[in-house]
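Welcome, and please open your viewer. We will go from stop to stop, selecting a few residues each time and looking at what is there.

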Amino acid sequence: MTKSFVLLSLSIFVSCNAVAQPPLSVSSPEADNSVEVELDSFQLIEGYQANLFADETDGVANPVCMSWDPAGRLWVLVTEAYPQLKPVDQADDKLLILTDTDADGRADKTTIFADGLNMPTGFALGHGGAYIGQGNDLLHLKDTDGDGKADMRRVLLTGFGTGDTHQNINSFTWSPGGELLFCQGLHAFSRVETPWGIRRLDEHGSWRLRPRRLQLDSFRRSGGEGNPWGIAFGNWGEPFVKGNGAGVFELLPGMVSTDRIVSFWGEEMKIGQTQVKSMIIELAESPHLPDEVQGEMLIAGYFARDVNRFQWETDGAGHRLKPQPNLMTSSHNAFRPVDIRVGPDGAIYIADWFNPIIGHYQASFRHPDRDKTHGRIWRITAKDRPLAKTPDLSRMSAAELCEQLSSDWRYVRYQAKRRLADLPKNDATAAVTKWISELDDSDPNLEHHLYEAIGVFESHEVVNRPLLERLLVAKDYHARAYATRVTGRWHDRLESPLELLERSVTDENARVRLEAIVACSDIRVANSMVVAAKSASQPTDRFINYSLTQTVHALAPYWRPALSQGRLDFDDPADLIYVLRAYGGQDVAGQVRSLILSDAITEKGRRQLLALLARVGNANDLQTVFSHALRDPQLLELLPAIVQRRRLIPSGSVDDNLAMLLNNESANVRAAAARLVGIWNQRQLVSLLEPMLQSDDDLVLAATIRSFAEVSPDLAVKQLQPFIVNTQNQPVVLAALEAVGQQDINAAAVAGLTLLSKRQNDDMLGPVLGAIMNHRGSALAVASALKQVNVSVDDAKLIGRWLSASGYDDAVLVDTLKARMGIQQGQTIAYDASLVRSLAQEVRQSGDAVAGKQVFVSSLANCTACHRVQQAAPPEGALSKGPNLSAVAAGLQLELIIESVIWPKRQIKEGYEMTTILTDDGRAFSGYLTSETEGSVGLRDLATGKVREIPSETIEARVNKGTAMPSGFTNSLTRKELRDLISYLMSLKPGNDRFDFKGR
C-alpha cells in the first residue's frame, strides 16, 4: 500500500467522522486558557475531585509522558519542537523533575534534568539515569556529580526509523524482569545495529531491549492500528499494548519475532476498545482509591478529551475488557490527556498536552493555533479518603528494598524493584537470595513474592535455576506462566530448556501454554517446533492459535529442513498437521508430497512423511503409501491406526498383497495386514482371516478379531463372544468386546459385566467399560445387564465411579446402579431459589470447611475423580477432567457455587461442555471438544485423556450434554455434608487474592 493511499484513506475517515461528531483532531482555540476555566470544564464521576499539580509556570509545556522515581518526584518530558522544528530554530526540549516538597498536592520545585533535546517521544528511568528515545537514537543520560542535571549523554543504539514524528519510538516501559519495552509506528523503518546483529522493524510494532546485554528484539504489528502508544503490565507480568486508535491489545501472543504479516493493521489480538482514538494504559491501584476502581485499566482519551475505565478479566489464554463509566470528561477544546500515572500518594495524575490541534494530516505542522506554551499535570483524588503514604525508597539498602517486594501496593513493589535493578549485581542478588530464604512457606502470597524476586535476578541477567524450577511447578498458574516466560529468556544459559518447557506447553491452564509457545519461539532450534506444537492437542483459542502460527513461521528455517531429513519426531501426527497447515495453508497433502521429493530426505524422514500422507492424502496417495509399506514393515505397522477412521481405500488393488502379508513370518506384519483387511473391507479374504482366529499371538489375534467382525458381521457375535473371558489377555478381550458390541450391544454388555464380576484385579475395569460404552445404546444395555449379571455392591460402586468420572450420566443407568448399591432412589431436585438462600445462610453460619474437605475427597462424593484443588491433589498422573477448583471462590459468589453443585447444568465453565458424537457405524463417543476443522472434530475422552480425531463425514449427530458432572449426585449427601462441602469450596481462594481485583 502506498503512503499516498494511506493518507487518502485517513482523510476520508476523518471527513466521514467529522459529519457525525464535533471536530476532535482540529478544534478552535478557547478564548480563555486559564487553569480555572479548564478545571471547571471537568466532569468527574461521583466521589472524585481534581486539582492542578503543575502547569506552564513550572516549565510544563506540551508534556509527552511522565514517570515517578523512588524518591517520589515526577519526571516529565516536554517538547516545544513537536511536531516539526523550524529550520531557523534551535531544539531545546527538556526532561523536567517536579517535586512537591510540602506534600500539598501541588509541585513547588522544578529541576531541569536535561535540555537541548530534539523532539523526544519517550523515556524511562533506570541504571542511574534516564533512557530517552529521540529521533533515530536511544540515549542514556546520567547525572554523575549529583547536581540534578545530566552531564553524561551516551547513544546506546541508533537506526530507529523516523518516518513520522508521532510514530518515533515511544512508550518506554519496564517489564517485571527489567526489560525495556517500547513502540514504534507505521512509517518508521528501523535498522538498528546491536552486538547480536542488525535488528529491523519496517512498520508498526514493539521493541524489547535487555539493556545489560544490549539484546534487542522486534515484534511486527504487535500493537495494532498503525501507531501503538502505551504498554502496561499486570500484577503477574501480563503485557498489554495500546494502539493510538481505539483498540487495546493482548501483547504476549505477538511477542514472536518473525517477518510474517498476519494482516495490515494487526488487530487480531484486540481485547477491547474505547469509542474513539486514545492512548496509554495505567492500572488504577492504590490504597487511596475506592474498591470499585481497583485494578481497572485507565486509558487517556486524547481525541475525545476523557479518561476511560475498563475492568479486565480472563478470557481463555488472554483477557477481555469491560467498559465502565469514564473517570472524567472535559468540554475544554485544549484538554488532551496523553499519559496517566498513579502517584506515591495514591492519586491519579494526568499529563495534559493542552492543545486544540493534535492531528498531523488534518492541519499544517505550523498551524498558528498549535499551542506551544501551555501544558498541565492534573491530580485526581477520591473525596473523603486518606491519601496513601510511601517510604523514600531512594535511600534504602538492598535488604530494606527486598522487604518492600512484599508490599500490598504495586507502586511500592515496582519502585523497590527498579532500585534493586540499579544496585550493584552482587549486592542486589545476595540480598534477594537472603530474603527468599527467610520467607514464610505458609504465607498465602509466597508465590507472588517469588515472582517479584525472580525479576530481580532477571534484571541483572543472573540465572537462578532453582528458583525458576520452583516457580515452574507453583500452585498458582500465574506464577507458572511467568516462570515459563523466564525459561525462554534464560534459554541460552540453561541446560535443556526445552525439557522445562515440555511441561508448560501441556499445562492445564491456557495462559501457561501460551507462554510456553512464545518461549519456544525464542529458542531457534528445530525441536522447539515439536515442543510448541504439543499445545495443538490441547484446547486452543484465538490467542494460542495466533502465537502458535507465528511460531511456526518464526522457526520454519529450522524445522522444515529437519523434518525432511527425518530429525523431527512429533508425538502426535495431529501436531505436525497443525504445523503444516499453519505454514502453508489447508493443502497439507501437497506440502507433504513436495517434502517427500526432497533430495535431502532420509529413510526415517520419508517414513514419517508417508505416514502423514496416509492421514491427509487422497486415495492415490494411500496407494502410494501402501506400495512403500510393502517394503517397509515399520510403515506398514503404522498404517492401521492411521487409516482406521478415514473410510478411504487405496485407489488400486490391494488384496493380493494383503494375502501375501498375512503369511509373513513377522507377527507384527501379519497383525497389520489382518487389520487392513477389515479396515479396507476386503471380504474376499475372509477365508484367509478365519483360520487366524486360532493364532497364539495376542497382537495378531486382536487384529483378526476386529477385522473378522467387519468382513463377516453375521458370524461375529457367535464366533467372537467366547473370547470375552478371563483366560484371554486384555488386548484380545477388548477387541472381542468392541467387535461384539458393534453387532449386539446387549450381548456385549452382559459378557463384559460377567467378565468383570469374575475378574482377578481391577486393571480390567476401566478398559472393559470403555469398550462397552463407546457404542450407541450402551447405557440402557448396561442397565439391563445389571439385572441379569450378579454384580456385587462394591463392583456397582466402582462401576458408578468410573461412569461418573468419564462423563456418563444416563438417568436409567444411574438409578439401576443405585438400586444395586442399595441406595434409595431420590428424584432430581428441581431448581429452588429459596433452597439456595437457606443453604447459603447455613454455610455462612455453621459451615465446616475441614469436614467439607473430607466429603470432597471421599468416595461418596467422588469429586477428586475430576477436579483438582491445591489442598487435595488427585493421585499422581491422574487426568484433569473438570475445572481446577483451587480458586473457585475467587471467581464465583456463594450462591453460584451452590447452584453449580446441586444443579451442575446451570453453571458450566467454558471449555467443559460435554459432547456426545454419534457416528455412522453405530458408535458413540463422549468427551470435551478440543478442535474442529472442515475435515474432523477433536474430542478428548475423559476416561483416557486422549484426543480422538473423528472424521466429519462419519458424524451423524451431536448431542450437547452440558456437563460431565452427574445431575443429582448430591442426593446421596446429607444436608450437613452438602453444607460442609460448599463451605470447603468457599474456602478455595488464591493466596494472592489481594492482587485479584474486582472485574478480573
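Begin with an open sheet of four antiparallel strands, ordered β2-β27-β26-β25. Strands here are DSSP runs of E with at least two residues, helices are runs of H or I with at least four, and both are numbered from the N terminus. Two strands count as paired if DSSP finds at least two bridges between them. Before going further, note that this is a predicted model, in which local features need pLDDT of at least 70 and side-chain atom pairs count only at pLDDT 80 or more, while totals for chains, interfaces and linings use all residues. Residues are numbered from 1 along each chain as its sequence is written, and side-chain values use heavy atoms, with hydrogens and water left out.

Select 48–54 (β2) and 337–342 (β25): these are the edges, each with a single partner strand, so one side of each has no neighbour in the sheet. Neighbouring strands of the sheet β2-β27-β26-β25 are turned by 25° against each other on average, direction ignored. Axes are lines fitted to C-alpha atoms, for helices over the stretch in contact, and angles between N-to-C directions run from 0 to 180 degrees.

Next, show 348–352 (β26) and 376–382 (β27), antiparallel strands joined by five bridges. Here D352 sits opposite R376 of β27.

Now move to another open sheet, with five antiparallel strands in the order β1-β24-β23-β22-β21. Its edge strands, β1 (42–44) and β21 (279–284), each pair on one side only. Zoom in on β23 (306–315) and β24 (318–330), which run antiparallel with nine bridges between them. Which residue of β24 is the bridge partner of Q311? Select K322 to see it.

For a helix pair, pick α28 (793–805) and α29 (811–821): their axes come within 8 Å and cross at roughly 150°. The two helices α28 and α29 are therefore roughly antiparallel (over 145 degrees; under 35 is roughly parallel, 65 to 115 roughly perpendicular, the rest oblique). Residues in the contact (heavy atoms within 4.5 Å) include V793, I799 and L803 of α28 and L813, L817 and M821 of α29.

Last stop: S459, in helix α6 (446–459). Is S459 buried or exposed? Its relative accessibility is 6%, so S459 counts as buried (under 20% relative accessible area; exposed is over 50%, partly exposed in between, with a 1.4 Å probe and protein chains only). Leaving aside residues up to four places away in sequence, S459 touches G177, G178, R212 and A421.
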